[in-house]
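Open the model in your viewer and keep the selection panel at hand. This tour goes from one metal site to the next.

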Amino acid sequence: MANSKFEYVKLYESDDRLLPRTYIVIRVDGRGFHQFSKKYDFEKPNDLNALNCMNKAAEGVMRNVQDVFLAYGQSDEYSFVFLKDTNLFERRASKLMSTVVSTFTANYIYAWSQLFPNNPLDGNFLPTFDSRAVMYPDVQSLKDYFSWRQADCHINNLYNTTFWTLVQKGQLTPHDAQTKLIGTLSADKNEILFTDFGINYNNEPEMFKKGSILRWEKLDHKYPKNPTKRQLDKYRKSVRDAKINILHCDIIKDEQFWNDVLAEED
Ligand code: ATP
Ligand code: ATP
Ligand code: MG
Ligand code: MG
Ligand code: MG
Ligand code: MG
């Protein structure tokens with residue numbers, strides 16, 4: 001269609017290239033997962049299989065969308081960070097977001113079929129995700145972004161753990177459990193769990209409390225600049241075979257974690 005009289009329509013496309021030398025973070029989030037989790041009978045407050053499904057989907061993104069060096073997930077969301085100098089899709093936001101979210105969704109549905117063989121997806125109620133792209137100009141703001149998401153995980157999980165314990169073990173109605181928790185601080189929730197139910201929140205699974213971090217075991221396969229076919233094949237093979245580690249560590253306080261991750265990135 002080159003040079004056809006129709007081609008001017010291309011001029012209507014906006015230039016949505018993200019700024020150079022910034023960390024691009026793309027976050028996907030499940031659409032209506034509160035309902036989705038009811039429809040497919042997720043265990044409350046945390047369905048382990050459903051979290052594993054998210055982790056598998058995120059691994060699919062790391063392997064299939066080049067230049068993602070770190071990912072963090074909790075509940076129905078996952079954040080992906082690109083190498084600061086990535087030139088994937090010339091950094092066009094729409095291309096990056098749509099590729100990440102569709103790769104994530106495709107892998108989620110595939111992982112679902114493996115993890116929930118007895119709970120098949122209903123064609124009228126399929127999992128979908130939205131996505132957004134945000135640029136962080138320096139390491140501090142990138143760290144603060146992850147701290148924000150991990151703090152969110154902690155706050156929600158402490159609330160949900162207490163709420164569902166009151167409902168499941170305390171025989172409270174959801175309404176009464178909610179009322180009881182109004183105005184409570186973290187310390188109060190820990191106290192309810194411990195005193196009334198003998199649950200030490202600290203002993204809850206790390207994945208529930210901290211979320212999941214995915215990182216390459218070794219980032220020795222940076223996408224080559226203007227690659228030859230041979231370089232590209234080599235790159236693809238290294239990504240296919242590389243090991244991805246899944247961690248549930250504290251990324252808010254752990255300086256060593258960031259030193260390691262960023263040493264590889266630069
Ligand atoms: P939106 O479309 O605006 O994102 P949403 O219903 O997805 O709406 P979120 O704030 O994203 O709202 O919350 C996701 C919800 O999905 C949680 O509140 C929780 O009820 C449910 N959920 C997600 N993952 C799990 C899980 N592994 N186990 C149990 N429930 C889960
Ligand atoms: P990119 O990732 O840049 O889009 P691409 O390989 O998808 O690369 P396109 O320009 O989008 O390139 O072209 C899509 C190609 O997919 C076509 O050239 C054709 O080879 C193939 N294709 C798509 N649909 C069909 C179809 N229904 N039957 C046969 N081939 C198809
Ligand atoms: Mg949302
Ligand atoms: Mg959601
Ligand atoms: Mg969410
Ligand atoms: Mg195409």
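The stops below cover the magnesium sites of this predicted model.

**Stop 1: ligand 4.** Select the magnesium ion (ligand 4). Its protein donors are Asp29 (OD), Gly30 (O) and Asp76 (OD), at 2.1 Å. Now check the geometry. The site has 6 donor atoms, with angles of 81 to 178° among them, and is octahedral. Ideal angles for six octahedral donors are 90 or 180 degrees. Read along the sequence next: the donor residues of ligand 4 follow the spacing D-G-x45-D. Gly30 sits in strand E1 and Asp76 in the loop between E2 and E3, so this pair links parts of the chain 46 residues apart.

**Stop 2: Gly30 and Asp76.** Color by accessibility. Are these residues buried or exposed? Gly30 has 6% relative accessibility, so Gly30 counts as buried. Asp76 is buried too, because its relative accessible area of 13% is under 20%.

**Stop 3: ligand 5.** Move to the magnesium ion (ligand 5). Asp29 (OD) and Asp76 (OD) coordinate this ion, at 2.1 to 2.3 Å. Asp29 belongs to strand E1 (residues 23-30), while Asp76 falls in the loop between strand E2 (68-74) and strand E3 (77-82), so the pair ties together parts 47 residues apart in sequence.

**Stop 4: ligand 3.** Finish with two distances. Draw one from the magnesium ion (ligand 3) to the magnesium ion (ligand 4): 4.2 Å. Draw another from ligand 3 to the magnesium ion (ligand 5): 5.3 Å.

How values were computed: Residues numbered from 1 in each chain as written. Chains lettered and ligands numbered in written order. Predicted model: local features only at pLDDT ≥ 70, side-chain atom pairs only at ≥ 80, totals over all residues. Heavy atoms only, no water. Donors = N, O, S within 2.8 Å, 3.2 Å for Na, K, Ca; no water. Helix = DSSP H or I, 4+ residues; strand = E, 2+ residues; numbered from the N terminus. Buried < 20%, exposed > 50% of the residue type's maximum accessible area, 1.4 Å probe, protein only. Tetrahedral: all angles 85-135°; square planar, octahedral: opposite > 155°, others 65-115°.
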